[in-house]
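Hello,

Please open it first, then read my notes below.

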Amino acid sequence: MNSNTTFSLDTHQKLLKNVKGLMLCRIIILTLLLAITILFQVSEKRYFFIPMTNDFYYFISFFYLVTIFYALFFKKIKDHHRFIFVQIVIDHLFITCLIYFTGGKESFFPVTYIFAIIGSSLLFYKRGAFFSASLSTFLYGLLLLFQLYHWINPLGQVSMYEASQIFYSLIIYMAAFYIVAFLSSTISEELKKKKRELIQKQVDYNQLETFNRNIIQSLDSGLLTIDLQGRINFLNRTAERMLNGSGEELKNVFIYDLFLNIDGIIGEAKTKSSDPLFDYQRYETVFANHNGKRIYFGFSVSPLTDPEGSLIGHTLIFQDITKFKEMEEQITRVDKMAAIGLLAAGIAHEIRNPLASLSGSIQLLSSELVLDHRQQHLMEISLRESERLNALISDFMLFAQPPQTNKVFWEVRKIIEETVELFTHSPSFHEGIHIILPNPGENFQMMVDPSQMKQVFWNLLINAAQAMDNWGEIRIHLERGDDHLLSMVPPWPPQREVREWVKIAITDSGNGIAPEEKQQIFEPFFTTKDAGTGLGLSIVHKIVESHSGVIKVDSEVGKGSTFSIFLPVGSDEEKVDVKREDFSS
């Protein structure tokens with residue numbers, strides 16, 4: 001709504017209010033006149049300044065009826081300006097009649113024209129004031145002229161006046177009327193101007209308030225304000241969405257009940273807010289949503305003051321940094337793996353050759369010497385441990401320096417079926433394990449290294465089997481989709497131009513992974529098994545990473561785990577290149 005419309009509506013409302021005030025004033029004046037008349041008549045005084053005649057009562061009663069008529073038809077009148085103009089004219093006639101009934105020139109009531117002039121200036125401003133002054137002068141002058149020539153005789157008595165006396169009275173009252181019209185119109189015009197300015201300022205203020213509110217509500221960051229006790233008194237839409245609640249639900253909730261370890265930060269902000277050199281500082285906190293999921297928030301705290309500069313609370317602006325924390329952990333894990341890889345590359349070669357010599361020497365001695373039972377047992381332990389150490393070194397070498405990736409377009413389902421076939425003949429498999437393969441329709445070709453992907457599926461199947469005690473189910477699911485598949489995964493894949501992905505999910509019904517262990521399962525040498533090396537999942541992570549993919553784990557203690565692998569399908573150009581290589585070979 002613009003300022004002109006607002007001013008028009010406000011003027012209309014003010015006009016209606018003034019009309020009602022005009023009718024109320026008329027009732028008050030008529031009642032006052034009637035009360036004074038009755039009072040002096042009851043006190044048996046023959047005359048005061050109002051004559052005690054029946055005509056006067058008829059006159060008062062008539063204008064009572066006129067006012068009642070105004071009130072009854074007020075709501076039905078559409079043109080209020082014309083209605084008010086008619087009332088003002090009739091009021092002037094009423095005052096003229098009142099002057100006539102109270103003595104004409106000798107009456108005390110010509111001054112009541114002043115009230116009509118003031119009323120006209122309030123309703124019609126300058127035009128109304130001078131019109132009322134002119135009409136008052138004309139009616140009063142006409143009354144005096146009729147009385148001078150004895151055309152009318154107020155109070156029923158003939159009064160002799162000279163023309164100079166009549167002229168003098170008319171000039172005095174006319175000057176008073178126009179002076180009052182000038183002053184009242186000046187004040188009314190000034191009030192009208194100030195009113196318009198006030199309405200414009202109010203409109204500007206409302207627009208500014210709406211603009212600021214829209215900015216706050218449109219922020220991508222959550223914003224909330226708290227009082228000095230820590231109670232929330234305002235939230236924007238983003239904050240409501242991030243905190244999983246409406247503004248009504250979260251208002252007056254203590255901030256300390258929502259965020260962990262924030263009380264110390266707020267206390268520090270209260271201390272620093274009085275410091276003129278207060279610097280911007282970034283904090284982190286944890287919020288647990290209604291599903292129990294921990295969400296990391298990065299936020300800043302700034303003092304909230306009133307117009308006088310007194311501290312009345314604090315403003316918190318916060319963002320969800322959970323994915324950034326996960327990405328940070330990914331980068332930390334990669335850095336750690338790179339450092340360990342350099343160490344492994346140097347150590348593995350130095351250990352493997354002497355280990356091979358030791359193992360060969362022990363086997364040779366075992367075949368040439370005659371050993372008793374105890375010696376034979378010790379020899380077997382040495383061979384078994386050397387083989388175990390050799391397996392550890394092999395895994396270590398695979399983790400530190402994985403073989404060159406040779407990608408070809410291959411059916412993922414075929415790789416899974418071959419790996420499952422090998423797994424069912426391994427010592428880790430038993431009859432209590434039930435494996436559900438993907439549906440026949442779930443078969444996609446993609447650019448992978450088949451041998452490395454077999455290593456990935458093998459390690460995940462071994463890990464799933466070890467997570468189940470006596471029996472359980474392993475379900476393998478395939479799904480193909482676009483970037484929406486990665487919506488719940490940290491923004492990791494370096495090849496963001498890839499548009500199609502295949503999701504391979506391996507779900508077990510085992511014991512699950514504790515939340516504190518879940519953050520470390522891909523780290524080298526971290527294991528919860530007595531005989532584990534802690535390199536299986538690290539190798540899986542490294543191979544998936546070399547395929548420009550992502551691996552994600554979802555687990556709940558007592559309900560099992562799901563390892564989801566997201567791999568890019570590969571472009572048509574890559575497929576053409578592979579076919580050309582096959583043809584040339």
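Is Lys325 buried or exposed? Lys325 is buried, with a relative accessible area of 19%. Buried means under 20% relative accessible area, exposed means over 50%, and partly exposed lies in between (1.4 Å probe, protein chains only).

Some ground rules. This is a predicted model: local features need pLDDT of at least 70, side-chain atom pairs count only at pLDDT 80 or more, and totals for chains, interfaces and linings use all residues. Residues are numbered from 1 along each chain as its sequence is written, and side-chain values use heavy atoms, without hydrogens and water.

Now the salt bridges (a side-chain nitrogen of Lys or Arg within 4 Å of a carboxyl oxygen of Asp or Glu). The structure holds 12. One of them joins Glu284 to Lys325 at 3.3 Å, N to O. This pair links distant parts of the chain, 41 residues apart: Glu284 is in strand β3, Lys325 in helix α9. Helices (H or I, at least four residues) and strands (E, at least two) are DSSP runs, numbered from the N terminus. Glu284 is partly exposed at 48%.

Next, helix α5, residues 163-218. Its 56 residues should span 82 Å at 1.5 Å a residue. That is 1.5 Å times one less than the number of residues. The end C-alpha atoms are 80 Å apart, which agrees.

Glu190, Lys194 and Glu197 form a salt-bridge network. Lys194 meets Glu190 at 4.0 Å, four residues away in α5. Lys194 also meets Glu197 at 3.9 Å, three residues away. An α-helix has 3.6 residues a turn, so residues three or four places apart point the same way.

Best wishes
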